[in-house]
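Thanks for making time, everyone.

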Amino acid sequence: MMMTHYIGNDIAKETFTIRILRAEPTLEPVGTIETFSNSEQGYMQALQWFKRYHVVPETAHMVMEATGVYWEASALWWHEQRFAVSIVNPAQVRYFARTKLTRGKTDTMDADLLAHFAATMKPRLWSPPTLEMDHIRIIMRQRDAYVGMMADEKHRLHALSVRPHSPDSVVTMTNEHIRYLQECIHELEKLFKDTLKQLPEWKHSLDLLMTIPGVGLITAGTIMVETLCFRDFVDARQLAAYAGLSPAPFLSGSSVHHKTHISRIGNARLRSALYMAALSAIRSNSIFKQQYQRLREQGKPCKVGLVAIARKLVLVAFA
């Protein structure tokens, strides 16, 4: 459908700032840039403001950045009002700002930039995950947070053990906190499994992923929740790019010839899970181990070989 308006929505904790651009006959601002409360009351006020300028939801494309968690409620509300909503990577907008030689950063400038980004780039439309998908993602991300906290506590416990005169009470509290975090992680994993039982399609996908050497329950669960069970991916190359595992060459003429590395522009959680799965895969008696050994025999560094295996895991997981 042809869009009549492009809307930049810059969201903060307490407020959101809106810029409207009319698509035809030429791209031009509509009204002024306005700021509203980031609440349902603020959404309703903005909706009335849109009506004043004859903005029709079905032909209005709203773009906002995926920063923090404050965008989620707003994106869902505008989607339910039948606006075309896109959620974009902040890095995309940052690079787009360079093409316009944008200097400085304010909410007003960001809203205007997002509106122009929408009109120029026409990013892919967003649709919200199902309630079950969202629950599983929250469970797995909370588990990851606890795992990180437990690793930090174990490092602190080690530091206490080698320091002279560490108070016994501090050591005891640290040990108790580690045990508590272990219990929380166990409960979240159990909740993840119980929730999956109510979703036969997800359970089937999880079982398939766990047949891949090196991919266990946690890795398979991470892959599923971070890709929403591969919902928005056309092919495996797109998935590898999303994980930040696509090669990024750096060549220019005859004088610039840097080593190729992975882009790292993508989902860090997914990339980390695949890298850890690659470590497990090369220890198993599988084709992944054979490929890794061939790369090492060719003189490739250890990390290059592991990244290659992680990318191969993406291809197999998608298949």
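Let's begin with helix H8. Nine of its 11 residues are buried, so H8 is largely enclosed by the rest of the structure. Buried here means under 20% relative accessible area; exposed is over 50%, and partly exposed is in between, with a 1.4 Å probe and protein chains only. Helices are DSSP runs of H or I with at least four residues, strands are runs of E with at least two, and both are numbered from the N terminus.

Before going on, a word on the source. This is a predicted model, where local features need pLDDT of at least 70 and side-chain atom pairs count only at pLDDT 80 or more, while totals for chains, interfaces and linings use all residues. Residues are numbered from 1 along each chain as its sequence is written, and side-chain values use heavy atoms, leaving out hydrogens and water.

Back to H8. Which residues are buried in H8? They are Thr219, Ala220, Gly221, Thr222, Ile223, Met224, Val225, Glu226 and Thr227. These buried residues pack against H5, H6 (168–196), H7 (200–209), H9 and H10. Just after H8, Leu228 takes a positive phi of about 50 degrees.

Take Thr219 in H8. Its relative accessibility is 14%, so Thr219 counts as buried. Thr219 touches Ala273 and Ala277, not counting residues up to four places away in sequence. Contact means heavy atoms within 4.5 Å.

Now to Leu274, in helix H10. Leu274 counts as buried because its relative accessibility is 3%. What does Leu274 touch, not counting residues up to four places away in sequence? The list is Ile223, Ala243, Leu245, Ala310, Leu313 and Val314. Ile223 is 51 residues from Leu274 along the chain, yet their C-alpha atoms are separated by 8.1 Å.

H10 also meets helix H12, residues 302–318. The axes of H10 and H12 come within 8 Å and cross at roughly 105 degrees. Axes are lines fitted to C-alpha atoms, for helices over the stretch in contact, and angles run from 0 to 180 degrees between N-to-C directions. H10 and H12 are therefore roughly perpendicular to each other. That label covers 65 to 115 degrees; under 35 is roughly parallel, over 145 roughly antiparallel, and the rest oblique. On the H10 side, the residues in contact are Leu274, Tyr275, Ala277, Ala278, Leu279 and Ala281. On the H12 side, they are Lys303, Leu306, Val307, Ile309, Ala310, Leu313 and Val314. By class, this contact has 12 nonpolar, no polar and one charged residues. Ala, Val, Leu, Ile, Met, Phe, Trp, Tyr, Cys and Pro count as nonpolar; Asp, Glu, Lys and Arg as charged; the others, Gly among them, as polar.

Next, the largest pocket. A pocket is an open set of points on a 1 Å grid over the protein atoms alone, with protein on both sides within 12 Å along at least five of seven lines; lining residues have an atom within 4 Å of a point. The largest pocket is lined by 45 residues, with Ala66, Trp71, Ile87, Tyr242 and Asn267 nearest its centre. H8 and H10 are among the elements that give two or more residues to this lining. The largest share, six residues, comes from H5.

Last, the whole chain. The chain has 12 helices and seven strands. Of its 319 residues, 41% are buried. The C-alpha trace spans about 65 × 60 × 50 Å along its principal axes.

Technical notes:
1 Å grid on protein atoms, 1.4 Å probe; cavity = no way out; pocket = protein on both sides within 12 Å on 5 of 7 lines; lining within 4 Å.
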